[in-house]
Amino acid sequence: MLDKVTELSQRFCGQIIQPADVAYEEARKIHNGLIDKRPALIARCNGLADIADAVKLARDLNLEVAVRGGGHNVAGRSTIDGGLLIDLSAMRGVHVDPGARTARAQGGATWRVFNAETQVYGLATTGGAISTTGIAGLTLGGGLGWLMNKYALSLDNLMSVDLVLADGQVVKASAEENPDLFWAVRGGGGNFGVAGSFEYRLHTVGPMVTGGVVAYPLSEAHDVLRFYRNLTQSLPDEFTVFAGLIHAPDGAKLVAIVACHCGPLAEGERATGAIKAFGTPVLDTMGPMAYSQVNTMLDAAFPRGARSYWKSSFLPTLTDDAIRTLIGYFERCPASMGQVLLEHLHGAVTRVGVSDTAFPHRAPGYNLLVLSQWPLPADDEVCIRWARDAYGAMESFVGAGRYVNYLDNDEHGGAVAAAYGPNYRRLQQVKVKYDPNNFFHMNQNILPAA
Ligand SMILES: Cc1cc2nc3c(=O)[nH]c(=O)nc-3n(C[C@H](O)[C@H](O)[C@H](O)COP(=O)(O)OP(=O)(O)OC[C@H]3O[C@@H](n4cnc5c(N)ncnc54)[C@H](O)[C@@H]3O)c2cc1C
């Protein structure tokens, strides 16, 4: 192994990190503190050439491979015990073409960097609600965010991807080049290759939009969630509204509505007025704010290194019984940073066909996320059990669809196939064409067609 690694380091432009290196301990960490894996080798790449070399090295050494973009995957699929980690975290460049209204971003960029660069020109595309999340994993699996109801998912705004395939070949996937691969990467995650860069379509957004959080005491949760349900029955495309049962920094349990209206400020003020006037808020930050600020306002609630365990499904309707169940479980939530989130989908995201991309969830409704998050290893068992129990109690309300980017590490074997629903078979056929030996399997894995 050492010979091959030495040979590679002579032309590698990034950094090769081995377990004995000082940089190793920090380099092996990902966002979720519950994940504690030790790769045999970390190839921190600088570009496509390094990625292709790292793929070839893994083949030569017969090592399993994991790929890291932003490192946010809750299931820990972006690292590996004993294998080779292809780490793109140093590849964060974003180049905006304001005339063409496009941006090309490298595979290790986060939404923080992406929004900062695109907002220089008053442009944006749908990205994650937390700025530290990577563009790569989020886009390849879906991309729910504040602009999705106006401009559809992150992956719907993808124009092309540069990929390194399992044999080390570099290819482009777009509507014109390798269209089967382009269809599959828009939802199929990291199953087909390592994406070195992504080209996105941009839209005029902000720089000022209307957004923020209004939080109420948990004693008002039934009324607030019923109000939220009514509000989400007729939202304009510009208006994206999430609800959450959350913990304040002092540990108080609250119910909150979090929103972003990306249209003119006067319309945003009208649209958010009803939320601000409802109940007896204990916190109200909703008002005009920079679009990039909307994308960082929740960051502090998801600190790097916190221990996380998630359960999630799409929820077609929010019945009174479902609301009662969620509140009942949240009242008993032992995780000091635990949350129950409802993300509402309507508008543009629901006007894309189920099979136009590999991401099939196009019906209006909610995505439910039971998110257990806590600081101390001693609480692992009780906090994980709470999420499992709360999600289990919701199983009679949720639909069949599940978002692959929110799947944790302990789902049953059929969960990935179920998450892709009618698109799974076609994904398997594309997988057999581009990665027949399942070289890329540290992901929510699509098995090559038999
Ligand atoms: C705090 C937090 C907030 C989140 N908010 C949102 C949100 O608002 N909207 C939303 O839709 N999702 C959200 N997510 C979920 C998010 O979409 C997934 O965690 C996603 O996997 C993160 O992408 P990443 O690049 O950071 O992940 P990583 O952990 O780096 O990678 C995730 C997966 O993608 C693969 N992958 C990563 N980079 C590449 C690449 N360049 N080429 C090929 N494969 C690659 C990896 O192999 C792995 O399987 C959030 C997650 C967290 C932890």
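**Ground rules.** I am working with a predicted model, in which local features need pLDDT of at least 70 and side-chain atom pairs count only at pLDDT 80 or more, while totals for chains, interfaces and linings use all residues. Residues are numbered from 1 along each chain as its sequence is written, and side-chain values use heavy atoms, with hydrogens and water left out.

**Domains.** I looked up the domain assignment of the protein chain, which gives domain 1 (2-87), domain 2 (94-205) and domain 3 (208-406); such bounds come from an automatic or database assignment. Taken over C-alpha atoms, the centres of domain 2 and domain 3 are 24 Å apart.

**The interface.** I then noted that 33 residues of domain 2 are in contact with 38 residues of domain 3, where contact means heavy atoms within 4.5 Å. The area buried between domain 2 and domain 3 is about 2,800 Å², and carbon and sulfur atoms give 63% of it; buried area is the accessible area (1.4 Å probe) that two parts lose on being put together, summed over both. On the side of domain 2, L144, W146 and N149 lose the most area to domain 3, together 32% of what that side buries.

α4 (111-119), α5 (135-141), α6 (148-151) and α7 (179-185) each supply at least two residues of the side of domain 2 that touches domain 3, and α6 gives the most, with four residues. Helices (H or I, at least four residues) and strands (E, at least two) are DSSP runs, numbered from the N terminus.

**Aromatic pairs.** A search of the whole structure gives me twelve aromatic pairs, counted when ring centres of Phe, Tyr and Trp (its six-membered ring) lie within 6.5 Å, with planes under 30 degrees apart stacked, over 60 edge-to-face and the rest tilted. The rings of F114 and Y200 have centres 5.1 Å apart and planes at 75°, so the pair is edge-to-face. Because F114 lies in helix α4 and Y200 in strand β10 (residues 194-201), the pair ties together parts that are 86 residues apart in sequence.

**Backbone.** The peptide bond from G206 to P207 is cis, with omega near 5°, and P207 is found in the loop between β11 (203-204) and β12 (208-217).
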